[in-house]
Amino acid sequence: MRHGRVRAANDRGTTPTARILVVGGGYVGMYTALRLQKKLKRELRNGDAEIVVITPDPYMTYQPFLPEAAAGSISPRHVVAPLRRVLPHCQVIVGEVESIDHAKRTARYTTLASSDEGMGPASIAYDELVLAPGSVSRTLPVPGLADHGIGFKTVEEAVGLRNHVIEQLDIASSTRDPAIRDAALTFVFVGGGYAGVEALGELEDMARFAAKHYHNVKPEDLKWILVEASDRILPEVGPEMGRYTIRELRGRNIDVRLETRLESCENRVAVLSDGSRFPTRTVVWTAGVKPSPLLAATDLPRDERGRLTCTAALAVDGAPHAWAAGDAAAVPDTTADEPGRTCAPNAQHAVRQARTLGDNIAASLRGEPLTDYAHAYVGSVASLGLHKGVAHVYGRKLKGYPAWFMHRVYHLSRVPTVNRKARVLTEWTLSGLFKREIVSLGSLERPRAEFELAAGGVPPADPSADPPNGPTDDPSPDPKGSS
């Protein structure tokens, strides 16, 4: 077995061990480690190799199901896969990698215990490095965004947004101030890609159903606004399906604004580039992603967008024994007609790249030839709420119920583990037989508030509360802000 430098010894302390360090436990990190478990079964059993996964969360989130988790169609715990169960032959460390010195083959990281230990970051040596830290929300310097914006990349954000939307209905139902009621019932989503459109479609569907159970809130009282900086939404499904999606959303009384940017949301007033102003307590930011900041703390080559420059074999270009895929990697698209084009940062590529990546790392350790990643684009599907969707798959365009059904079938086939597939299918079946749940569990986000108050302390501030003077419509828009 061929490997770089010997960095560790196995439990018996006798056989040299090649350590594969996987940074990140998302699509690429989990599926690469899963593939390596299979391909290196003999080496792992004999102690000739070990796989270490360092990840901020002990689970992988299946992000295409976040809109349904926010709408209550799927339990949040069923859209995540526990890494220690999926990767029984890997060492999983819950922590944050702070920097990587690939020239020395070492990484520095902190864990949940680091602050209590008072010893600073720990260091780990490796022979092969897989960088898969994923991406973070791409934000812009929009005044008020950091204070009032809500992201939609994690399961915690999805659950928090669901609780927040239902809480706004409660506020609107109980307030005596028309201005507060109007702001509570106005929901602004920024970004017309998958995340924004699907989250908006599912939550509008859920809120419209929930409003029927309030004596003084009607579904038509709710105001939904989608803000997109370009001239179309859902570009992945093609122009025709994108135009259909706009018609579908507007037919549901959703205000879709193209070629428009969010310029400010200070003082809970959304100011758009077309001059519109909307007092609102809800601004959901889904305007794209950017590579993880960790990449800047490495000595590995990056492109102009901050991604690692990779070969078609998913090796970091010019950095032996370093590998990458997914959102953090600029991987050449070998199937594209245009030279120099890279693979899109989506889940479809990430899962398939992880398979090739695992095979290539195993092949490299054994001195075997590597395989280039090549994937013909199959198509795209998007849900617009219950029984509504759009799809462009294998050249065929679908809309309405058939597209929604295909969306569910496709993603059910892709969600990891049989356990998760069965649970998701069961919940879908039950949600088809019974009505939606419309309960807000906002207290889950501040579980100690009641006890602290009872014990004589001051409960933590509610981040969704209005400023001391209440909502105002006198913001200071930043002309440089955009979506």
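**First stop: a threonine in a loop**

Select Thr298, which lies in the loop between β19 (289–291) and β20 (308–309); helices (H or I, at least four residues) and strands (E, at least two) are DSSP runs, numbered from the N terminus. The model is a predicted one, in which local features need pLDDT of at least 70 and side-chain atom pairs count only at pLDDT 80 or more, while totals for chains, interfaces and linings use all residues. Residues are numbered from 1 along each chain as its sequence is written, and side-chain values use heavy atoms, with hydrogens and water left out.

Is Thr298 buried or exposed? Thr298 counts as buried because its relative accessibility is 14%; buried means under 20% relative accessible area, exposed over 50%, and partly exposed in between (1.4 Å probe, protein chains only).

Next, display the polar contacts of this side chain. A polar contact is a pair of N or O atoms within 3.5 Å; within protein, one must be able to donate a hydrogen and the other to accept it, and residues adjacent in sequence count only if both atoms are side-chain atoms. A polar atom of the Thr298 side chain lies 2.9 Å from the backbone oxygen of Leu295, and the side chain of Thr298 also reaches the backbone nitrogen of Leu300 at 3.3 Å. Not counting residues up to four places away in sequence, Thr298 touches Ile100 and Leu131, where contact means heavy atoms within 4.5 Å.

**Second stop: the nonpolar cores**

Which residues have the most contacts inside the largest nonpolar core? Select Ile20, Leu21, Ile51, Leu131, Phe189, Leu222 and Trp224, which have that place in a core of 114 residues. A nonpolar core is a set of buried Ala, Val, Leu, Ile, Met, Phe, Trp, Tyr and Cys residues joined through side-chain atoms within 4.5 Å.

Centre the view on Ile51. With neighbours within four places in sequence left aside, Ile51 is in contact with Ile20, Val22, Ala33, Leu36, Gln37, Leu44, Cys90 and Gln91. Then move to a second, separate core of 14 residues, whose members include Val188, Leu262, Ala270 and Val283.

How many aromatic pairs does the structure hold? There are seven. Rings of Phe, Tyr and Trp (its six-membered ring) pair if their centres lie within 6.5 Å; planes under 30 degrees apart count as stacked, over 60 as edge-to-face and the rest as tilted.

Select Tyr62 and Phe65, an edge-to-face pair with 5.1 Å centre to centre and 65 degrees between the planes. Tyr62 is buried at 4% relative accessibility, and Phe65 is buried with a relative accessible area of 0%. Now select Phe187 and Trp224, which form a stacked pair at 4.3 Å centre to centre and 20 degrees between the planes. Phe187 belongs to strand β12 (residues 186–190) and Trp224 to strand β13 (residues 223–227), so this pair ties together parts that are 37 residues apart in sequence. Phe187 is buried, with a relative accessible area of 0%, and Trp224 is buried at 3%.

Ala382 is found in strand β23 (residues 379–383) and counts as buried at 0% relative accessibility. Its contacts, neighbours within four places in sequence aside, are Tyr194, Glu198, Leu234, Gly389, Val390 and His407. The C-alpha atoms of Ala382 and Pro64 are separated by 9.1 Å, although the two residues are 318 residues apart along the chain.

Select Thr311 next, in the loop between β20 and β21 (322–324). Thr311 counts as partly exposed, at 28% relative accessibility. Leaving aside neighbours within four places in sequence, Thr311 is in contact with Asp317, Val331 and Pro332. Its C-alpha atom and that of Asp372, 61 residues away along the chain, are separated by 8.1 Å.

**Last stop: the whole chain**

Zoom out. The chain has 14 helices and 25 strands, and 51% of its 483 residues count as buried. Among contacts between residues at least 6 apart in sequence, 67% join residues at least 24 apart.
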